[in-house]
Amino acid sequence: MKDLPICIGLAGLGCVGQGLYDVVQKHYRDRIDIRRIAVKDPEKERKVPSHLLSTNFETLLSDPEIKVIVECIDDPDAAYELCIQAFKRGKDVISANKQMIAQNLDLLIFHQRNSGQSLLYEAAVAASIPIIRLLESHFEEEEILSIEAILNGTSNYILSKIQLEGLSFKEALAEAKAKGFAESDPSNDLEGKDAAAKAVILAAHAFGKQYRLNQVERTSIDESSSQALEPGLSHKCLALLDAQSLQIKLSAVAPDSEFNRINYERNAVQVRSAIGGLHFYSGSGAGADATASALLSDLFQWQRGFRYRYSKLKKAPLEAVV
């Protein structure tokens with residue numbers, strides 16, 4: 001039997017939300033019904049029918065036909081509150097908001113268990129690489145020894161432009177902004193905050209450990225550090241994870257490393273497991289299409305009943321701040 005269309009509420013219509021909307025209209029109109037869209041600025045010109053738009057999350061929460069909300073807003077606090085309200089109203093959530101998830105993962109797990117609702121967030125880490133689902137399914141019962149990863153497409157794009165094309169730091173950053181790989185304020189990317197949030201999420205699924213963002217050691221990429229790159233060597237901003245520590249580190253990689261071929265906005269994740277050894281995955285890590293790909297994957301997996309089991313995590317706190 002053919003699956004019925006998924007009826008969704010979309011929260012946010014920035015780069016990510018608009019990207020998802022465009023892909024749905026082009027490829028999945030018969031499989032996904034975007035019923036309502038909540039936006040912050042009602043005066044902004046949009047490329048969607050005006051009757052879909054609202055400035056109130058309540059239009060998504062109160063619609064009985066909407067069973068899942070796709071959260072694409074840029075405010076972590078507002079995104080968290082929307083998740084909690086959705087759970088209380090019997091709706092599941094799919095999110096791309098890595099800061100919201102990293103800051104509140106213990107509470108989000110608690111509220112999922114209490115409500116019986118689910119939260120999927122493949123789009124929050126490494127975009128088109130399905131690494132969270134791999135950790136939750138393929139590696140669910142196998143010990144993960146370590147993870148090395150390029151998790152930020154913006155910093156990798158800038159480093160590639162500097163090392164492969166001879167651009168200055170300022171020139172590379174300007175080009176990244178022009179192509180939509182960097183925000184107008186790129187500090188989260190360049191200071192390692194974006195990659196740190198993704199590392200915190202991966203650590204929960206890989207090692208069963210919950211870290212706070214301030215526990216992640218970070219190295220920034222700036223004019224000074226870019227000028228200090230060693231000539232003839234390939235430098236990457238790597239996330240280094242194991243059961244004891246999380247680091248975001250700018251360092252040279254070995255000549256025979258798989259990471260040498262991961263350039264521009266691409267991401268890569270190398271998992272070392274106790275039995276299977278090394279596993280290497282790569283894919284696009286920045287841009288609207290890559291994120292839309294992950295959101296769509298979560299939607300179709302949600303439709304088929306997939307949920308995170310958090311098998312390697314200890315139980316969430318018995319009490320949580322509501």
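UniProt, in an unreviewed entry, places the feature "domain: Homoserine dehydrogenase catalytic" at residues 130–299, with positions in the numbering used here, a shortened feature name, and the caution that annotations may be inferred rather than shown by experiment. This is a predicted model, in which local features need pLDDT of at least 70 and side-chain atom pairs count only at pLDDT 80 or more, while totals for chains, interfaces and linings use all residues. Residues are numbered from 1 along each chain as its sequence is written, and side-chain values use heavy atoms, leaving out hydrogens and water.

The largest pocket has a volume of about 1,300 Å³; of its 48 lining residues, Val16, Cys72, Ile73, Asp74 and Glu183 are the closest to its centre. A pocket here is an open set of points on a 1 Å grid over the protein atoms alone, with protein on both sides within 12 Å along at least five of seven lines, whereas a cavity is a set where a 1.4 Å probe fits but cannot get out, and lining residues have an atom within 4 Å of a point. Volume is the space filled by probe spheres set on the points, which are joined across faces, edges and corners. Domain 1 (6–127 + 288–304) and domain 2 (141–284) each give at least three residues to that lining, the bounds coming from an automatic or database domain assignment.

The second largest pocket, at about 160 Å³, is lined by 15 residues, with Gln163, Leu164, Leu233, Ser234 and His235 nearest its centre.

Finally, there is 1 cavity of 30 Å³ or more, and about 40 Å³ of space lies in the largest cavity.
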